[in-house]
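Here are a few friendly notes to read alongside the model. Take them one at a time and keep the 3D view open as you go.

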Amino acid sequence: MSRAQLSAQDWTNAALRALADGGVAAVRVDVLARSLGVTRGSFYWHFADRDALLQAALAQWEQTVTAQVIERMEDVRNPLARFGQLVGVAFGPEPIPGLQPAIMAHANHPIVEPVLRRVTARRIDYIAEIYQDLGLRPAAARQRAIICYAVYLGWLDLRRGPADVVPEVVPGPDSIATIDEIMRILLDGVTGTP
């Protein structure tokens with residue numbers, strides 16, 4: 001594969017997969033170049049250094065799993081349907097399995113921290129907006145949003161464990177009933193819901 005054929009996004013995708021598999025330390029130019037079948041030199045065609053790659057990869061993650069998801073949800077006018085679709089996306093198959101927990105594990109890294117702060121704040125704020133649209137006051141909506149987000153993070157962490165112990169978190173038939181129960185619990189006592 002030549003430099004012209006390999007895009008910056010190819011590198012950022014490889015960096016995100018490496019981050020999911022081994023954390024920030026696994027995002028190494030030489031290892032990524034080998035996995036992509038190119039030389040290290042082709043890396044510098046797109047990025048100044050490893051930090052620039054990590055920043056670009058995290059920006060891509062922020063855009064695809066937060067900004068674009070929220071944009072898609074905005075087309076759903078009914079807040080209950082919007083909440084259901086958001087839960088379906090969040091608790092469904094991960095684009096890159098294990099990426100969110102890996103990023104959380106590096107929350108104090110100087111490149112990861114600002115992105116993780118923005119993503120966490122935007123997600124919690126968005127969930128709180130939906131709860132407000134469902135009739136909760138702002139403080140109660142924020143509390144419920146934090147609980148919802150904590151459940152989501154726990155769900156993803158459970159996926160990293162032994163699948164035979166908690167098969168309900170693996171996308172598929174076993175997870176559907178559990179996700180329905182999560183929805184019921186997260187919406188319990190919220191006006192505007194059945």
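1. Which element gives the most to the lining of the largest pocket? In this predicted model, the answer is α4, with 8 residues.

2. Now look at the pocket itself. The largest pocket has a volume of about 610 Å³. Its lining is made up of 30 residues, and the closest to the centre are Val65, Val69, Ala90, Arg123 and Tyr152.

3. What kinds of residue line the largest pocket? By class, there are 21 nonpolar, 6 polar and 3 charged residues in the lining.

4. Next, step back to the whole fold. The protein chain has 9 helices and 0 strands, so reading along the sequence gives the pattern α-α-α-α-α-α-α-α-α. The C-alpha trace spans about 60 × 35 × 30 Å along its principal axes.

5. Take the contacts between residues at least 6 apart in sequence: 68% of them join residues at least 24 apart.

6. Of the 194 residues in the protein chain, 41% are buried. The accessible surface of the chain comes to about 10,300 Å², and carbon and sulfur atoms account for 55% of that area.

Terms used: Residues numbered from 1 in each chain as written. Predicted model: local features only at pLDDT ≥ 70, side-chain atom pairs only at ≥ 80, totals over all residues. Heavy atoms only, no water. 1 Å grid on protein atoms, 1.4 Å probe; cavity = no way out; pocket = protein on both sides within 12 Å on 5 of 7 lines; lining within 4 Å. Points joined across faces, edges and corners; volume = space filled by probe spheres on them. Helix = DSSP H or I, 4+ residues; strand = E, 2+ residues; numbered from the N terminus. Nonpolar A, V, L, I, M, F, W, Y, C, P; charged D, E, K, R; others polar. Buried < 20%, exposed > 50% of the residue type's maximum accessible area, 1.4 Å probe, protein only. Contact = heavy atoms within 4.5 Å. Areas by Shrake-Rupley, 256 points an atom, 1.4 Å probe, with all protein chains shown as cover.
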